Amino acid sequence: MADSEMQVFVDISIKQRLLQCVKNTKEPESNFLGYLYGEILSDKVHIIGCVACRCSHPPSKKGYPAIPAWKNEQSDLSSLVPNGINLCGIYYSCTKPTHLEAHELKNIFDGIWTKNSSLTSRTLVVLQHCHTSEGDSIRCFIYDEDLGSVLECECQEADILGEFLEKRISFRLQANIPICIDRDQNDTTDIANKIEKSCTELDSTSTVFHVKDCKVLLKNMDNESDELENCEALLGKIESGQDKIQNPHGSGKSKGKQKTAKIVSSANVAKLKDALDVRYLNQLTDTAIDHDHKAFVPVIQYKKAVLSQIKFNLAMDVVLNVSRNTPLKSLPKLFISAMCSQLRKMASVMTQFSKGGLLPVVKVHHFKLPGFCHLVTAVYPSITRDSETIDNEELAKYRLELHKRLLLPENRPLMRPSNRYVFENERQQGIYLTNPHAGLVGGVCGTVAVVDGTYAYHHYMQDNFNDDGWGCAYRSLQTIASWFRHQGYSSKPVPSHREIQQALVDLQDKGKEFAGSRQWIGSFEVSMCLEHLLGVTSKIMFVNTGAEMRAKGRDLLHHFQTQGTPIMIGGGVLAHTILGVDFNDQTGDIRFLILDPHYTGGEDLKVILDKGWCGWKGPDFWNQQVHYNMCMPQRPDMI
């Protein structure tokens with residue numbers, strides 16, 4: 001299809017994030033440059049992700065984008081974004097509308113096809129954001145490397161993330177790669193050489209991948225596999241229950257079964273797994289025996305030497321996100337490319353955080369970030385060779401750079417190891433329900449704003465502790481503390497009743513006899529404990545009677561839209577947790593999303609929702625005769 005017929009679709013959330021990033025640029029004259037990710041099809045381009053360029057050269061002409069330093073950028077980009085989600089083009093800002101010329105774009109993209117082995121399309125998109133005194137405008141250009149042409153086309157804004165994910169399949173590949181470094185050499189110089197050697201060994205005929213969920217073996221450089229078979233067949237094997245391991249070279253019989261495999265609907269795929277597990281294998285013997293050649297005699301070479309070496313394993317954890325139409329034959333190359341990218345990133349991080357030539361231990365984490373439809377991968381240093389922890393300030397700078405790269409807020413801890421994504425097969429059944437409100441429907445009155453993130457539901461009689469009749473405020477505090485823990489603001493465990501009481505004794509708010517008692521606490525005590533135990537400050541909002549709660553709609557709406565933390569409210573002898581508000585600014589109609597800590601039953605979500613222990617309540621829910629205090633925790637600015 002000709003470029004003039006090519007359609008470009010940008011997801012709404014991605015466009016908004018890019019516009020906000022350009023708006024936040026501190027220097028008006030400086031051009032923002034970012035990479036666009038998604039998929040390029042024969043007749044259209046889907047843009048579902050963006051990553052900022054952090055290393056570039058000045059533009060060749062005014063009105064043109066800066067020239068990315070592809071060689072320096074490639075290591076970061078290929079390790080952050082899953083292999084299979086490809087570079088589609090660039091997005092840049094300028095102050096003057098410019099019609100782009102092919103020979104200038106050729107200079108910009110010159111190194112991309114040689115440096116990015118996963119990029120197969122010779123067509124790229126260029127989005128030009130022009131900011132003038134008259135306003136902002138975005139122009140879209142299609143650059144074709146083979147034709148040497150540039151054509152302007154329309155860029156359409158659409159909600160495409162759901163459609164994109166329906167046609168994708170994720171793989172998770174875990175492997176331990178042995179590395180051996182000579183002690184008489186500097187670790188930082190030797191590690192890069194050893195990593196490149198490992199990458200060369202990976203890309204060999206002995207490399208085999210075992211897709212464990214459907215028990216299929218995929219061999220690298222397999223010239224006999226079925227070119228028509230794609231990833232859809234793997235899902236069919238899982239659904240139909242086929243579990244016979246296929247020969248790495250394939251056979252007529254196995255191919256027949258694969259072709260007739262049951263096709264799985266998008267709905268069923270979601271139920272199967274968040275990622276198919278893949279294992280890296282190294283084939284030690286050749287399965288094919290050539291009788292026309294004589295057998296070789298093994299030769300052993302013996303060399304006497306004194307060596308001092310350090311041996312360790314690099315624990316790889318690679319995620320790929322590919323189209324379900326991807327041929328199975330091409331998967332081994334994608335796996336190997338992703339493994340090599342992660343190995344090189346590991347070497348880079350180990351060198352960056354090395355001390356005195358000694359390399360630290362590194363660990364891979366995946367993150368499901370707001371606004372991203374795919375997982376993002378980051379390599380973190382965990383401890384030094386001497387089992388010492390890495391300096392927190394160094395880690396904070398490292399995380400800040402990741403946030404800037406991914407266009408994330410620079411005041412929220414979204415990429416701490418504690419925020420890592422936990423895959424389905426690693427999740428443990430917790431003793432607390434999380435986010436019981438998730439299935440509830442709001443929006444009856446007007447604008448809805450609810451708690452932002454994950455929390456655990458703490459209520460009476462949990463933890464084998466009887467606090468029925470006096471512990472509701474303690475349980476509300478525990479729910480709030482769990483929110484800060486789940487969001488990565490704190491790594492401390494949720495405090496027990498005794499620890500809460502001891503904190504108030506330590507603060508000299510209560511006497512020593514308070515610790516171990518069955519006395520109530522209120523909103524002020526909750527705020528004091530949050531600051532003392534977690535370093536979290538709170539605002540206190542007061543109403544004279546429950547009847548005044550209907551007048552606090554704007555304040556509550558603002559809190560959940562800007563802070564997103566659960567609110568503890570105490571009045572009379574009762575305490576509750578407010579999780580959200582549904583408010584109509586015109587009519588004053590209001591509802592409150594309430595989590596009730598007075599529940600004494602088991603962790604049965606159906607009972608909790610059906611009986612209203614978590615649900616929307618009208619203004620009559622509050623006692624119209626007593627006053628209320630609300631403890632409204634504020635997010636700390638941290639990363």
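1. Helices α13 (residues 497-506) and α14 (residues 523-534) pack with their axes 10 Å apart and at an angle of about 90°. The two helices are therefore roughly perpendicular to each other (a label for angles of 65 to 115 degrees). The contact (heavy atoms within 4.5 Å) involves I500, A503, L504 and D506 of α13, and E525, M528, C529, H532 and L533 of α14. Axes are lines fitted to C-alpha atoms over the stretch in contact, with angles running from 0 to 180 degrees between N-to-C directions.

2. This is a predicted model, in which local features need pLDDT of at least 70 and side-chain atom pairs count only at pLDDT 80 or more, while totals for chains, interfaces and linings use all residues. Residues are numbered from 1 along each chain as its sequence is written, and side-chain values use heavy atoms, leaving out hydrogens and water.

3. The protein chain contains 16 helices and 24 strands (DSSP runs of H or I, at least four residues, and of E, at least two, numbered from the N terminus). Of its 639 residues, 49% are buried, that is, under 20% relative accessible area with a 1.4 Å probe, protein chains only.

4. Among contacts in the protein chain between residues at least 6 apart in sequence, 71% join residues at least 24 apart.

5. V573 lies in the loop between β20 (567-571) and β21 (574-583). V573 has a relative accessible area of 51% and is therefore exposed (over 50%).

Notes. Angles under 35 degrees count as roughly parallel, over 145 as roughly antiparallel, 65 to 115 as roughly perpendicular and the rest as oblique.
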